[in-house]
Amino acid sequence: MTTEPERSSHPVPFVTRVRIESYKSIATCDVALGPLTVLAGYNAAGKSNFLDAIRFVRDALEHSPAKALAARGGLDRVLFRSPEREGAEQAASFSICLDLQLVPEQGDGLPRPALYAVEIGRGPAGEGAHVVLREESRLQLSDDWTESFVLTPDGLDSTDGLDVSRRALSGRRDRLFLSAAALQGPFFSVETALLNTAFYELDSAALRATDDEASRHSRLGPAGEHIGHVLGLMADEYPLLKEETDASLRAVVPASLGVDERREGNFSSLQARFWTADQTNPLPYWEAVNSGAVAAADPHVQVFHQQQLSEGTVRAAGVLTALFQPDAANGTIPLLAIEEPELAIHPSKAGALFEAAESASLRTQIIVTTQSSDFLDDEHVRPEHLRMVEMVGGVTYVGELDARTRHYLEERPDMLPELHRKEQLRPAQLTEGTP
């Protein structure tokens, strides 16, 4: 039996910097990311647009830019348009540039910087609605060995190590070249890591659904699909991760003992264990937890099926399963993003989810979005975790806190949630000068 997943071959953080131009509500941004990044902002500030730019890269590589754009309503729905100027023209193109660090398949086996960038815009008349205007990747394999390519409609400029035939380039103005470059070897690690990024917008119906597939899924679906399969895998092969998931749930949901797979033949779903003894005296609960008397057949332990569970319990189970699933713990997922993990969670317990995210960020890069001051009300939250997101005049700004606010919070970290409630935490570019 495996007790702990192998350590990740991906350095944490995987994405170290994100530069976006003219994508949805983001005119421009240049944001550094850490192992754990909290995108904090109110409703409709543009948090999801920032995450979606990273997700667009994954989707365009997995399918094609055309399909990734179609899923978002087409190019016109993606291109930035300034809302402050009457009749202002849309941007002609958008670009997304990701600075990475990873361990290449070739080279000396050390973490190395890399880059992947793409620009997409309107094509000439008669050539479709959009075209890949520029695609670029760079990967440092050792101190004195770097491979790179830049592809534009005018042709390919690459280092000598990338030997690509003309056939691989033909007709690629709507296709991304990285997949062809990955076949050469050096860029395989770039493509694989980007394709394995995971984005979660958890849905109660998906979390409560019953799987009827015989084969077990090892990764949680983007809305929470297959949660039973993943919990079963953790219980069977990764008990340390399963206990970390259950321990985190105990911190979020009072009287809970853990979440499990309910298996009946090929049918898999979610269930949870709760302590049903007298709750006026908490001592027996913790005695049971510490002694391990928390199985379904033990006294005072009651099992509730997925449809009997509260919304908060179901969502907490989804968030924690996403964070501690084996593919995240072993680095197969190099970056994992969760939208508003605190939804339906009691405000006094929201901070415990931050601690779970911080623990998971020791194994893989975590990005979460939040609009909740309660999520930030935890002693482990630090200014360096925060990237503030604010919309002004229909334009999204994303950035770190200004230096003065960071210095103040280093001395008074307890004031962070209060300053957020009073709307005094803003991106530095909105407080240090004219954006």
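In which strand is Ser 22 found? The legends below begin with that residue.

View 1. Ser 22 is found in strand β1, where strands (E, at least two residues) and helices (H or I, at least four residues) are DSSP runs numbered from the N terminus. The model is predicted, so that local features need pLDDT of at least 70 and side-chain atom pairs count only at pLDDT 80 or more, whereas totals for chains, interfaces and linings use all residues. Residues are numbered from 1 along each chain as its sequence is written, and side-chain values use heavy atoms, with hydrogens and water left out. Although Ser 22 is not a glycine, its phi is positive, at about 60 degrees. Ser 22 is buried, with a relative accessible area of 14% (buried means under 20%, exposed over 50% and partly exposed in between, for a 1.4 Å probe and protein chains only).

View 2. In the segment before β1 (15-23) is Pro 13, which a cis peptide bond with omega of about 5 degrees joins to Val 12. Most residues other than glycine have a negative phi, and most peptide bonds are trans.

**View 3. Surroundings of Glu 339.** Glu 339 is found in strand β13 (residues 335-339) and is buried, with a relative accessible area of 9%. Beyond its neighbours within four places in sequence, Glu 339 is in contact with residues including Leu 51, Tyr 200 and Arg 315, contact meaning heavy atoms within 4.5 Å. Its side chain makes polar contacts with the side chains of Ser 48, at 3.0 Å, and Thr 369, at 3.1 Å; a polar contact is a pair of N or O atoms within 3.5 Å, of which, within protein, one must be able to donate a hydrogen and the other to accept it, and residues adjacent in sequence count only if both atoms are side-chain atoms.

**View 4. An open antiparallel sheet.** The sheet consists of 7 strands in the order β2-β1-β4-β5-β6-β7-β8, with antiparallel pairing; two strands pair if DSSP finds at least two bridges between them. Its edge strands, β2 (26-32) and β8 (155-158), each pair on one side only. Strand β7 (residues 145-152) is joined to β8 by 4 bridges, and Val 150 stands opposite Asp 157 in β8.
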